[in-house]
Amino acid sequence: MPLAKKFLIAINLISATQPAISAECSAKSGAQTVPLLELYTSEGCSSCPPADKWLSSIKQDSGKITPLAFHVDYWNYIGWKDRFSKAEYSDRQRKTAAFGRAGYVYTPQFVMNGRDFRGWDNSRLNQSIEATQKLASRANLSLDAVTQTNGEITLKVNAQTVNPVDAKNSDIFVVIYENNLVSQVKAGENSGRELNHDYVVRELFGAYQINNQNEFSKNFNLSSEWKKRDAGAVIYVQNSQTGDILQSLALKFCNS
């Protein structure tokens, strides 16, 4: 048998015996607290686009802040149904208002670490980030996204409070978010406008609780469609009694 043919057969045998390869990307929280910045917004709200634009300008990959946009549903009645809105996001905003003893909700509203964040601008944002980073983390978090050979993504999440006493009142939330979303609005207050969105919450899972061993671990199976999107995951831990954020962590899904 010619040497070249033997070599080709050998290559084919090696390839056939190799295990299936999957791509993995991961993130772990550090010693300092990373603040969670939430925007409550709606495509039916004429004053919301500037807030959406400002949120998009924030760089999540700096690891200094975790931005998320929750689209509420209570403006859908005025003529335009926001396709990203969900009643559960409106409920979350109302619960946040209750933590702050506010008797109403509004859009656009920014919430920093569970507290109303008015007068938002880059200067105030940087001050808040610097102040939060001086706080020691109260939870250890990790995210692992494994892209299987069939394109599906297995998201592995883990959480543990630094002080076991915190575990009792800790709620864990997991978010799937998406960037570079565009809507052509054809009705309502923003009729005729093209709206651009980033960090949009597409799925919200939780609240989950930490077990008696001060541990939380869960896997989420995401369809292969998520591999084609500019998307990622966020995990954050929130005190169920005060609304305070103990820690947050974001992970953008790998392209490979």
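Predicted model: local features only at pLDDT ≥ 70, side-chain atom pairs only at ≥ 80, totals over all residues.
Let me begin with a term: a residue is called buried when its relative accessible area is under 20%, exposed when that area is over 50%, and partly exposed in between, using a 1.4 Å probe and protein chains only. Residues are numbered from 1 along each chain as its sequence is written, and side-chain values use heavy atoms, with hydrogens and water left out.

On confidence, pLDDT is the predictor's confidence in each residue, from 0 to 100. The protein averages a pLDDT of 90, and 90% of the residues score at least 70. Over residues 3–21, however, pLDDT stays under 50, and for that stretch the model has four contacts beyond four places in sequence, a contact being heavy atoms within 4.5 Å.

Now to the salt bridges, where a side-chain nitrogen of Lys or Arg lies within 4 Å of a carboxyl oxygen of Asp or Glu. How many does a search of the whole structure find? There are 10 salt bridges, and I will go through some of them, naming helices (H or I, at least four residues) and strands (E, at least two) as DSSP runs numbered from the N terminus.

One of them pairs Asp-244 with Arg-115, with the closest N and O atoms 3.0 Å apart. Asp-244 sits in the loop between strand S13 (231–239) and strand S14 (245–252), and Arg-115 is in strand S5 (residues 115–116), so that distant parts of the chain, 129 residues apart, are linked by the pair. Asp-244 is partly exposed at a relative accessible area of 28%, and Arg-115 is also partly exposed, at 34%.

Another joins Arg-138 to Asp-166, the closest N and O atoms being 3.1 Å apart. This pair links distant parts of the chain, 28 residues apart, with Arg-138 in the loop between helix H4 (122–133) and strand S6 (139–147) and Asp-166 in the loop between strand S7 (153–161) and strand S8 (170–178). Is Asp-166 buried or exposed? Asp-166 counts as buried, at 18% relative accessibility, whereas Arg-138 is partly exposed at 32%.

Finally, Glu-178 forms a salt bridge with Arg-229, their closest N and O atoms being 3.7 Å apart. Because Glu-178 lies in strand S8 and Arg-229 in the loop between strand S12 (216–222) and S13, the pair ties together parts that are 51 residues apart in sequence. Glu-178 counts as buried at 8% relative accessibility, while Arg-229 is partly exposed at 31%. A network of salt bridges links Glu-178, Arg-202 and Arg-229.
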